[in-house]
Amino acid sequence: MAEPPAHADLADGTETPLLRVRGLARYFDASPPLLNRLLAGGGRRTLKAVDGVSFDIPRGRTLGLVGESGSGKSTVARLVVGLYPPTAGTIAFAGRDLASVRSAAEIAALRRRLQIIFQDPYASLNPRWRVRDIIAEPLRVHALLSGRAAIRARVAELLLQVGLAAADGDKFPHEFSGGQRQRISIARALASAPDFLVCDEPTSALDVSVQAQILNLMKALQRRLGLTYLFISHNLAVIRHMADSVGVMYLGRLAEFAEARVLFERPCHPYTRMLLATIPDLTLSGRPRAPVTGEVPSPIDPPAGCSFHPRCPHADSRCRRERPEPLAVAGGGLVACHAVAEGRLSP
Amino acid sequence: MAEAGARPREAGRLAAALARLWDSDLAWSFRRSRVAMAAAAVMLAIVAGAVFAPWLAPHDPFDLASVSLLDARNPPAWIVGGSWDYPLGSDNLGRDVFSTILYGSRISLWVGFASIVLAMVLGVGLGLVSGYVGGATDAVIMRIAEIQLSFPAILIALLVDGVMRGIVPRGLQDSLAEDVLILSIGLSFWVQYARTVRGSTMVERGKEYVQAARVIGRHPLAIMLRHVLPNVMGPVLVIATINLALAIITEATLSFLGVGVPPTQPSLGTLIRIGNDFLFSGEWWITIFPGLALVLLVLSVNLLGDWLRDALNPRLR
Amino acid sequence: MGAGALLRVEHLRVEFPTRRARLVAVDDVSFEIGEGEVLGVVGESGAGKSVTGAAIIGLIDPPGRIAAGRIVFAGERIDDLPAERLRRIRGKRIGTIFQDPLTSLNPLYSIGRQLVETIATHGAMSPRQARARAIELLAEVGIPAPAERFDHYPHQFSGGMRQRVVIALALCGNPQLIIADEPTTALDVSIQAQIIAVLKKLCRDHGTAVMLITHDIGVIAETADRVAVMYAGRIAEIGPLRDVVKQPRHPYTVGLMGSIPSLSGATERLAQIDGTMPRLNEIPQGCAFHPRCARAFARCRAERPELIADGPSQAACWLYAPAAAGRHG
């Protein structure tokens, strides 16, 4: 996997990016059970959820990862926070390669700085725990504060920071609405004063007006606390609002990577163009929508060569054979497309 | 912090908690179900009878000195030949049936309850580990469980009982009989808990709050006990209530078969066996009254278990 | 629109009695759908839009019930019909599409068989004719190689294809009205656009009216002729699509439209409506939205507003009351 050129940083380039991912891959074994394989004669099957993804996130910025189901974006989120070990590739946080971290103390220190917010507000809080215990858990696990009074004070501070009341700590999760639960999740993630938050579709399960509240809150927190976000969503408009740079994923690979403004104004990759064309036009300008073809294939059996070629109006024989590597384009982005590389595609 | 101030505050919180419990959906469902209330009342009566047996029973049937063969096989009080000294009659050794029922219920309830607790601890523990850790551990535990399931529980209990009798020295066998029983019955019932808990654990393990705990850096054991366990206990309580009845019957069966408690300290099952011999010679009370007591106990426990299962159901998922 | 309306809902009220209180999920809701028209019913969770749809087709589970109001379909009152008659209308003249195609289709039968069964229930046809009609419908909804896929089972289709089959099923009896409850929510973004296109085209071709219930305003913007915005069991605003989306009257609609992020540029902050939709047991007096409304005044707290016309739309808001009643600008 070739190292992408330096200007994929999309930052000043002087400081080491807070998160650097190279050639990240995660394969799952999706084979039928041993007995079935023996009887039916099928072979082993591998689900390549993430298949070679590289990007950098500078401190204080937001990278948006966008894609449909099967794109692998949620798997990337879980790989970055260490819920799965990668099958291949490296993840470097603040310059330190995560795979080489061995000591328990160092792992704990990393866990303090790297936290995650999940999509489902109903499953991400333990229904049997009170809110104050949920938020205080990182404080207790990492022994960041001692004494009930100190912990209570910090929990109250966090609750206020996310727009809830200090008294809400005594309640149980089921007493809150979806948006309020996400606020509690955010408070829990912030308890250990992390640098980096992975946000896995944090607003996808919320109503649109609640989503606005949560997105505003997240932006305000980023400014105030100097947070860096890896923000994952299938909603392009949300990504446009939140992200500084955007990665478009398709079947485990990065199709395109560019600064947000550039990506939305001048998308290069055919898949990006197709995605942008599916966004409904709320200005009702009568813009004709380009026809969208085909469906996302199953990640267990992706097409050979460029995984997008069955749906691509510009596919040729090279696309069916050879997998495109991400290449730099004018404007500072990366695109993995033969048509773009060969200049067949008009910008 | 002010200790004096803390006490009334604690009492206030307790009162508030009790008030919440009374007002809760579960309590409301209980108050609405006549069957549940009746069953609870019967069960409470039997348990009270057992607990307060030394004060309620007119005689102490375990005190061999006070038992007199001259009073053997008296009919119940309302039949000619009986007396209110032995309200429900006396058995072949002269023990008062009523007193023996009260004392015998103690054994039945204690053995039933303790064996269920043992089964629960064992089953929930293994189920948690099996469901959370998965892999080979899960496979091994589940195969053991499946093998055990292919035998009837009674057989397992008999097997364990037999093995223990071989191990325990003769002199201690009587005094340890109850404990051996508890062990046997407990070991024969753990599988159901394990399988249920395993399934629920596998569901909870995939939920984001467990993943969040992992990202925070909690030890897997802490996650199992503090996060997963409270969320999988619901069905366990229902199974335990229903199994309580089964455990009591199993103890009675084992005692009936002669491999349970020693005949000097009869449980309900022993009484039924003893009385069985006299059933057709006309002294029906020796077996019928203990039998009725057993039926009432088991029935009320079963009905309570049914009610609990239905009351908890909409909230389970 | 009066007598010509295909579906007329008048003062519908749906209640769910619980042991603590009687929850009102739909509170005095009235609207009409004309022949061949697409009405989008938009609202956030808890607004009562799905319950409204369920009430129309008679799928409210007890103890929930229609407590008041009338539902008139093609001139015939349907809310008080016996279950059997309602069932017949439900399949043949009112079609339904639900959110989750996995549960709408029976996994044990091939889709062809399910289609044929539905067709046969609603029209006297020979099995061969029914099969031909089924294959025709599958082609219409865009299933490739319909004759071969006729015998396939639901699990052999992808999500988008399954939803197309569900649409075909809904259209089997040539219904006059389709009630679609979140038909695209479970699908990928690119598939959503396809499904909406299929639905639109078919309804236009067959002249079927659609009641499209969704929380996704983007979907509404693609398909609807008119839009009704629901809040806390009531209709906040109802009017032609252009008016409601581009010139919303009701402060809630204004807030809703403003909170949708746009593709044009990263605004620093999205317009946000503070607070949350009230729970069913906590609906405030007067206008249900007043606690969150920046423009609320005394009358809003006291009296619940009815739908007041302002141009082609109607909004349930005292801001649009005629000047004589004391409007605050």
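Mentor: What follows is a close look at one chain, with a brief look at another at the end.

First, the ground rules. The model is predicted: local features need pLDDT of at least 70, side-chain atom pairs count only at pLDDT 80 or more, and totals for chains, interfaces and linings use all residues. Residues are numbered from 1 along each chain as its sequence is written, while chains are lettered from A and ligands numbered from 1 in the order in which they are written.

Begin with the backbone of chain C. Most residues other than glycine have a negative phi, and most peptide bonds are trans. Look for the exceptions.

Which peptide bond is cis? The one from Pro62(C) to Pro63(C), with omega near 10 degrees. Find Pro63(C) in the loop between helix 1 (49–56) and strand 4 (65–73) of chain C. Helices (H or I, at least four residues) and strands (E, at least two) are DSSP runs, numbered from the N terminus.

Now phi. His11(C) is not a glycine, yet its phi is positive, about 50 degrees. His11(C) sits in strand 1 of chain C, which covers residues 7–17. Is His11(C) buried or exposed? Exposed, because 11 other C-beta atoms lie within 10 Å. The cut-offs within 10 Å are 20 or more other C-beta atoms for buried, 12 or fewer for exposed, and partly exposed in between; C-beta atoms are placed from the backbone.

Ala232(C) is another non-glycine with a positive phi of about 50 degrees. Its place is a loop of chain C, between strand 9 (226–231) and strand 10 (234–240). Ala232(C) counts as buried, because 24 other C-beta atoms lie within 10 Å.

What does Ile235(C) touch, leaving out residues up to four places away in sequence? The list is Val29(C), Phe31(C), Ala228(C), Met230(C), Leu307(C) and Ala316(C). Touching means contact: C-beta atoms, placed from the backbone, within 7 Å. Take the pair Ile235(C) and Phe31(C). In sequence, 204 residues separate them. In space, their C-alpha atoms are 8.9 Å apart.

Next, turn to the side of chain C that touches chain A. Here 33 residues of chain C contact 32 residues of chain A. On the chain C side, the elements giving two or more residues are helix 8 (189–206), helix 9 (217–223), helix 10 (241–246) and helix 11 (251–258). By type, that side of chain C has 15 nonpolar, 12 polar and six charged residues. Nonpolar covers Ala, Val, Leu, Ile, Met, Phe, Trp, Tyr, Cys and Pro; charged covers Asp, Glu, Lys and Arg; the others, Gly among them, are polar.

Finally, a glance at chain B. Chain B has 12 helices and zero strands. Its C-alpha trace spans about 75 × 50 × 40 Å along the principal axes. Of its 317 residues, 41% are buried. Among contacts in chain B with a separation of 6 or more, 70% join residues 24 or more positions apart.

How values were computed. Two residues are in contact if their C-beta atoms, placed from the backbone, lie within 7 Å.
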